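Work through the exercises below with the sequence and the structure open. Try each task before you read its solution.

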Amino acid sequence: MTGRRPLRRSAAGALVAILAALVLAADQFVKHLTITHLPLEEAVPVLGDFLQLYFVRNPGAAFSLGAEVTWIFTIALSIVAAIIVWKAFGLRSRLWAVVLGLLLGGVLGNLSDRLFREPGFPVGHVVDMISMPWMMPAIFNVADIFIVGGMISVALLVVFGLRFDGTRDRDHAAAETDAGARPLSEDRGVVEADAPAPASGVATPAADAETEGR
């Protein structure tokens with residue numbers, strides 16, 4: 001039973017773009033609602049201590065690390081986005097297209113904040129609003145969810161050997177094994193086929209021994 005055929009490169013690129021746009025739109029919409037309706041740095045319980053909304057503007061990374069060098073995160077996000085776009089042009093795997101599309105959307109969500117939000121380009125503060133105090137002290141946003149989930153998914157796809165073209169490492173290993181074994185068997189068949197048969201009336205050592213015995 002054969003699997004589904006790989007995507008055309010244009011279809012894979014379109015899937016990456018569509019998913020990235022949807023994630024970016026969802027992230028920015030939630031951030032708009034946060035800025036419009038939530039008080040700054042004041043916890044709003046949703047499910048008690050399990051889930052809270054807490055609006056903060058983060059100049060750094062997780063736990064506000066690197067707040068003094070915000071521009072470094074802008075450069076890092078730009079590089080990651082550029083790499084994903086570059087890889088998208090050679091994709092033929094549906095799974096890779098989905099994972100990279102969602103990851104790109106998350107990266108663009110936070111990159112948009114760095115570029116266009118206060119205090120200005122390229123040191124804008126990222127809008128965070130999701131707090132789960134029972135699990136971690138960090139406050140995050142929709143884009144962060146897709147970034148973390150995307151990175152985990154990338155690691156899993158690499159571990160399971162799925163390639164950008166839709167094939168797997170084990171398929172290539174099996175093909176190489178078959179290619180290496182086939183010439184040996186073919187050569188053996190050629191040698192056996194080319195071995196000359198004893199001509200009729202020509203004595204062989206075994207025939208001579210049998211004649212002497214008689």
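A residue is called buried when its relative accessible area is under 20%. Keep that cut-off at hand for the first two exercises. The model is a predicted one.

**Exercise 1. Find the salt bridges and say how they are linked.**

Step 1. Start with the count. The structure holds three salt bridges.

Step 2. Take K31 and D27. Their closest N and O atoms are 2.9 Å apart, and the two form a salt bridge. Both residues lie in helix α1, which covers residues 9–37. They are four residues apart, about one turn of the helix.

Step 3. Go on to D113. D113 forms a salt bridge with K31, with the closest N and O atoms 2.7 Å apart. D113 belongs to helix α3 and K31 to helix α1, so this pair ties together parts that are 82 residues apart in sequence.

Step 4. The side chains of R117 and D113 meet in a salt bridge, at 2.7 Å from N to O.

Step 5. Join the pairs. D27, K31, D113 and R117 are linked in a network of salt bridges.

**Exercise 2. Decide for D27, K31, D113 and R117: buried or exposed?**

Step 1. K31 has a relative accessible area of 0%, so K31 is buried. D27 has 1%, so D27 is buried as well.

Step 2. Turn to D113. Its relative accessible area is 0%, so D113 is buried.

Step 3. Finish with R117. Its relative accessibility is 17%. The cut-off is under 20%. R117 therefore counts as buried.

**Exercise 3. Describe how helix α3 packs against helix α4.**

Step 1. Place the helices. α3 spans residues 94–116 and α4 spans residues 142–159. Their axes come within 8 Å and cross at roughly 150 degrees.

Step 2. Name the orientation. Angles over 145 degrees count as roughly antiparallel. α3 and α4 are therefore roughly antiparallel to each other.

Step 3. α3 passes α4 in a left-handed crossing.

Step 4. List the contacts. On the α3 side they are L95, W96, V99, L100, L102, L103, G106, V107, G109 and N110. On the α4 side they are A143, D144, F146, I147, G150, M151, S153, V154, L157 and V158.

Step 5. Sort the residues of this contact by type. They divide into 14 nonpolar, five polar and one charged.

Note on methods:
Residues are numbered from 1 along each chain as its sequence is written. This is a predicted model: local features need pLDDT of at least 70, side-chain atom pairs count only at pLDDT 80 or more; totals for chains, interfaces and linings use all residues. Side-chain values use heavy atoms; hydrogens and water are left out. Axes are lines fitted to C-alpha atoms, for helices over the stretch in contact, and angles run from 0 to 180 degrees between N-to-C directions. Helices (H or I, at least four residues) and strands (E, at least two) are DSSP runs, numbered from the N terminus. Angles under 35 degrees count as roughly parallel, over 145 as roughly antiparallel, 65 to 115 as roughly perpendicular and the rest as oblique. A crossing is left-handed if the near helix is turned anticlockwise from the far one by less than a right angle, and right-handed if clockwise. Contact means heavy atoms within 4.5 Å. Ala, Val, Leu, Ile, Met, Phe, Trp, Tyr, Cys and Pro count as nonpolar, Asp, Glu, Lys and Arg as charged, and the others, Gly among them, as polar. A salt bridge is a side-chain nitrogen of Lys or Arg within 4 Å of a carboxyl oxygen of Asp or Glu. Buried means under 20% relative accessible area, exposed over 50%, partly exposed in between (1.4 Å probe, protein chains only).
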